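User: Could you walk me through this one, starting with the terms you rely on?

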Amino acid sequence: MTGDDTTAVLDSGYRHPDFFEHMADAELTKTGTKVWNILQSRQEYGGHTKLRQRDIAARLNLTESTVSRALDELKERGLVHPQGSKRGVIVIHPLFAKYESAAHLANALADPDLYVWPVHFPDRTLRRRASEPRSGTDFDPDPDGGEEVSTPELAPSLRLLAG
């Protein structure tokens, strides 16, 4: 391993802390997940990835049309720029991009010129169990009336800029 290779391994960058938690909601196909992982591993700071479809296809031993469908899936979810990218450059959503540090992430997201497009993950509906074991009983989950709860600090809402 050369000195440059060591630097690349150690310089993994900083990503939004909720990255992995929210990716489960994307419900990507197996191929979409593979392509997403390649994009994540090859991206530069700020989410620009200099890869062509044929490079991804060769790396994953897939056809270019299969990779194209996977990229379309990533675009539908909003994980990569929905309008496509310059030839050979795929842009990852700013919330899922890699940055040099937490400060760089905060500064990038605070930039009024940053275009943050919507993310569309499939709706996840939590279903109540058909048979609730406590229904029809005197069970009270908070028998003493509880205590005052402080209002949680809300994360700042993100803004979407018109293209």
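Analyst: Buried means under 20% relative accessible area, exposed means over 50%, and partly exposed covers what falls in between, with a 1.4 Å probe and protein chains only. This is a predicted model, in which local features need pLDDT of at least 70 and side-chain atom pairs count only at pLDDT 80 or more, while totals for chains, interfaces and linings use all residues. Residues are numbered from 1 along each chain as its sequence is written, and side-chain values use heavy atoms, with hydrogens and water left out.

User: ok, so is F96 buried or exposed?

Analyst: F96 counts as buried, because its relative accessibility is 7%.

User: And how many aromatic pairs does the structure hold?

Analyst: The structure holds three aromatic pairs, where rings of Phe, Tyr and Trp (its six-membered ring) pair if their centres lie within 6.5 Å, and planes under 30 degrees apart count as stacked, over 60 as edge-to-face and the rest as tilted. One of them joins F96 and F121, and this pair is tilted because the planes stand at 45 degrees, with the ring centres 6.3 Å apart.

User: Which parts does that pair tie together?

Analyst: F96 lies in the loop between β3 (90-91) and β4 (98-99), and F121 in the segment after α6 (102-110), so the pair ties together parts that are 25 residues apart in sequence. Helices (H or I, at least four residues) and strands (E, at least two) are DSSP runs, numbered from the N terminus. F96 and F121 also form one aromatic cluster with W36.

User: What about Y115 and W117?

Analyst: Y115 and W117 form a tilted aromatic pair, at 5.7 Å centre to centre and with 40 degrees between the planes. W117 counts as buried at 3% relative accessibility, whereas Y115 is partly exposed at 30%.

User: Switching topic, what does T31 touch?

Analyst: Leaving aside residues up to four places away in sequence, T31 touches L62, T66 and A70, a contact being heavy atoms within 4.5 Å. T31 is found in helix α3 (residues 30-42), and T31 and A70, although 39 residues apart in sequence, are 6.2 Å apart in space, C-alpha to C-alpha. With a relative accessible area of 23%, T31 is partly exposed.

User: And the chain overall, how many helices and strands?

Analyst: The protein chain has six helices and four strands, which run α-β-α-α-β-α-α-β-β-α from the N terminus on. Of its 163 residues, 29% count as buried.
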